[in-house]
Amino acid sequence: MDTAKVSAVSRWGDRLCVARRTDDGYSVSVYRKDASKRLANIYEGRFDGVYQMDGSASDAFLIIYGSSAVATQMSLLRWNYETQKVEEFKDDRFDGDSRMRPEVLGTPKGFRILTFGNLHDMGNEPDESKWYAIIHTFQEGHMVSTKKVPYLKRFDLLKP
């Protein structure tokens, strides 16, 4: 493995995830030990940006943090327990674009991802009243809800 091009490494359950810089973006590989205890590549995907991966928030999801000039873009990979394969998570309700650093919060049955935007679509908006949060709630390998709330009330709505 060319470690000079490795950008991020994460454990995701019994899987090892490695992001490498390529000429036109990033390649994310997911490895798992096969029957002879050797690492086998079980997924290969291409992303525009990768600076961090989080496999600890959920056994069902790998969270990939990427970046653009003005935002953090989050992507999700989903572990399909039935087929034992990695899939790209696709749900029109999930918008991983965040003008501020997104937050991942654990819950007793899953986790929540908070992404942030503002009315003027800028990353440096000083007036917090113009910001909003989008709360994506995940449980048991699925996204169960999405809620857009004022930024200043984001934690009020997370209370049980």
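**Terms and their grounds**

Guide: Let us begin with Arg99, which counts as buried at 14% relative accessibility. The model before us is a predicted one.

Visitor: Why is Arg99 called buried?

Guide: The term buried applies under 20% relative accessible area. Arg99 has 14%, and therefore it meets the cut-off.

Visitor: What makes the contact of Asp121 with Arg99 a salt bridge?

Guide: The closest N and O atoms of Asp121 and Arg99 are 2.9 Å apart. A salt bridge requires a side-chain nitrogen of Lys or Arg within 4 Å of a carboxyl oxygen of Asp or Glu, so the pair qualifies.

Visitor: Is Arg15 buried or exposed, and what is Asp59 called?

Guide: Arg15 has a relative accessible area of 2%, which is under 20%, so it is buried. Asp59 has 42%; exposed would need over 50% and buried under 20%, so Asp59 is partly exposed.

Visitor: How do you know that Arg93 and Asp91 form a salt bridge?

Guide: Their side chains meet at 2.8 Å, N to O, and the limit is 4 Å, so the term applies. Arg93, at 39% relative accessibility, counts as partly exposed, and so does Asp91, at 24%. A search of the whole structure finds 10 salt bridges.

Visitor: What makes S1 and S2 paired strands?

Guide: Pairing needs at least two bridges between the strands. Six bridges join S1 to S2, so these antiparallel strands are paired. Val6, for example, has Arg20 in S2 as its bridge partner.

Visitor: Why are S1 and S4 called edge strands?

Guide: The open sheet has four strands in the order S1-S2-S3-S4, with antiparallel pairing. Strand S1 (6–12) and strand S4 (39–47) each pair on one side only. Neighbouring strands of this sheet are turned by 20° against each other on average, direction ignored.

Notes. Residues are numbered from 1 along each chain as its sequence is written. This is a predicted model: local features need pLDDT of at least 70, side-chain atom pairs count only at pLDDT 80 or more; totals for chains, interfaces and linings use all residues. Side-chain values use heavy atoms; hydrogens and water are left out. Buried means under 20% relative accessible area, exposed over 50%, partly exposed in between (1.4 Å probe, protein chains only). Helices (H or I, at least four residues) and strands (E, at least two) are DSSP runs, numbered from the N terminus. Axes are lines fitted to C-alpha atoms, for helices over the stretch in contact, and angles run from 0 to 180 degrees between N-to-C directions.
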